[in-house]
Amino acid sequence: MIRVLNKQKNIWIPIRLLKHELFLAKKAAGFEDWDLGIYIVNNEQISHINSSYRNQNKSTDILSFPFHDLEENSKLSSDQNIPEEEKNLGDLILSVEYANSYCNQNNKNLIEWTRVLLVHSICHLMGYDHENDLDYEEMHDKECRLLEKIQKLETPIKKKLEKKNYSSLFPKI
């Protein structure tokens, strides 16, 4: 199940499309039947959450809160023997205000960029991170593979995106 809670009112969100994008991302990652929650917030709200949980007193595009506590360098896999009641990836918190501003400043499409952010966050929920160059490369490769799978999974709910080099969508760190 995908739970969506829109806690901001400034930017209209196509909830059905957002749920579809999350479904595609979960399916591409192999977690189609797992639960996932997403909260849509504004910059002020995500800044407060970022400060509370990460000691970063600033807004950001998306935060990930995994349901499972993984050991360092381990990854969550749908192949693991997880009881049905624990098939939960976790929660995402998306500042659509931040994402929209980023897209306006960088001439990006908000729908495409949201897809990238959702995949990025699902990778975090699976245990991927980008704290160092090696981890960044591993996570980046996983993100690109998932985005390519999603493109193949797309259904007529929306126009297919033209084939992209997804590596170019990610900002360099």
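Visitor: At what angle do helix H4 and H5 pack?

Guide: Happy to start there, and please keep in mind that this is a predicted model. Two packed helices are described by the angle between their axes and the distance between the axes. For H4 (residues 110-125) and H5, the axes are 10 Å apart and the packing angle is about 125°.

Visitor: Are H4 and H5 parallel, antiparallel, perpendicular or oblique to each other?

Guide: Angles of 65 to 115 degrees count as roughly perpendicular and those over 145 as roughly antiparallel. H4 and H5 pack at about 125°, and H4 passes H5 in a right-handed crossing. The pair is therefore oblique.

Visitor: Which residues make the contact, and how many of them are nonpolar, polar and charged?

Guide: H4 brings Arg115, Val116, Val119, His120, Cys123 and His124. From H5 come Met139, Lys142, Glu143, Leu146, Leu147 and Ile150. Sorted by class, the contact of H4 with H5 holds seven nonpolar, two polar and three charged residues.

Visitor: How does H1 cross H5, and what are the classes of the residues in that contact?

Guide: The axes of helix H1 (residues 15-29) and H5 come within 9 Å and cross at roughly 115°, and the crossing is right-handed. By class, the residues of the contact of H1 with H5 are seven nonpolar, no polar and two charged.

Visitor: What about H3 and H4: are they parallel or oblique to each other?

Guide: The axes of H3 and H4 come within 10 Å, and their crossing is right-handed. They cross at roughly 120°. H3 and H4 are therefore oblique.

Visitor: Which residues of H3 and H4 make their contact, and what are their classes?

Guide: H3 contributes Val96, Ala99, Asn100, Tyr102 and Cys103. Across from them, H4 contributes Leu110, Trp113 and Leu117. The residues of the contact of H3 with H4 divide into seven nonpolar, one polar and no charged.

Visitor: Is Cys103 buried or exposed?

Guide: Cys103 sits in helix H3 (residues 96-106). Under 20% relative accessible area is the cut-off for buried. Cys103 has 2%, so it is buried.

Visitor: Which residues is Cys103 in contact with, leaving aside its neighbours within four places in sequence?

Guide: Those contacts are with Lys108, Asn109, Leu110 and Trp113. Take Trp113 as one of them: Cys103 and Trp113 are 10 residues apart in sequence. Their C-alpha to C-alpha distance is 7.4 Å.

Visitor: Where is Asn107, and is it buried or exposed?

Guide: Asn107 lies in the loop between H3 and H4. Its phi is positive, about 50°, although it is not a glycine. The cut-off for exposed is over 50% relative accessible area. At 76%, Asn107 counts as exposed.

Visitor: Where does Asn55 lie, and what is its phi?

Guide: Asn55 is in the loop between helix H2 (43-54) and strand E3 (62-66). With 69% relative accessibility, Asn55 counts as exposed. Asn55 is not a glycine, yet its phi is positive, at about 55°.

Visitor: How far apart are Glu85 and Asp35 in space?

Guide: Glu85 is found in the loop between E3 and strand E4 (88-95), and at 65% relative accessibility it counts as exposed. Glu85 and Asp35 are 50 residues apart in sequence. Their C-alpha to C-alpha distance in space is 9.6 Å.

Visitor: In what order do the elements of the protein run from the N terminus on?

Guide: The protein has five helices and four strands. It counts 173 residues, 45% of them buried. Among contacts with a separation of 6 or more, 68% join residues 24 or more positions apart. The order of the elements is β-α-β-α-β-β-α-α-α.

Key: Residues numbered from 1 in each chain as written. Predicted model: local features only at pLDDT ≥ 70, side-chain atom pairs only at ≥ 80, totals over all residues. Heavy atoms only, no water. Helix = DSSP H or I, 4+ residues; strand = E, 2+ residues; numbered from the N terminus. Buried < 20%, exposed > 50% of the residue type's maximum accessible area, 1.4 Å probe, protein only. Contact = heavy atoms within 4.5 Å. Axes fitted to C-alpha atoms, helices over the stretch in contact; angles between N-to-C directions. Parallel < 35°, antiparallel > 145°, perpendicular 65-115°, else oblique. Left-handed = near helix turned anticlockwise from the far one by under 90°. Nonpolar A, V, L, I, M, F, W, Y, C, P; charged D, E, K, R; others polar.
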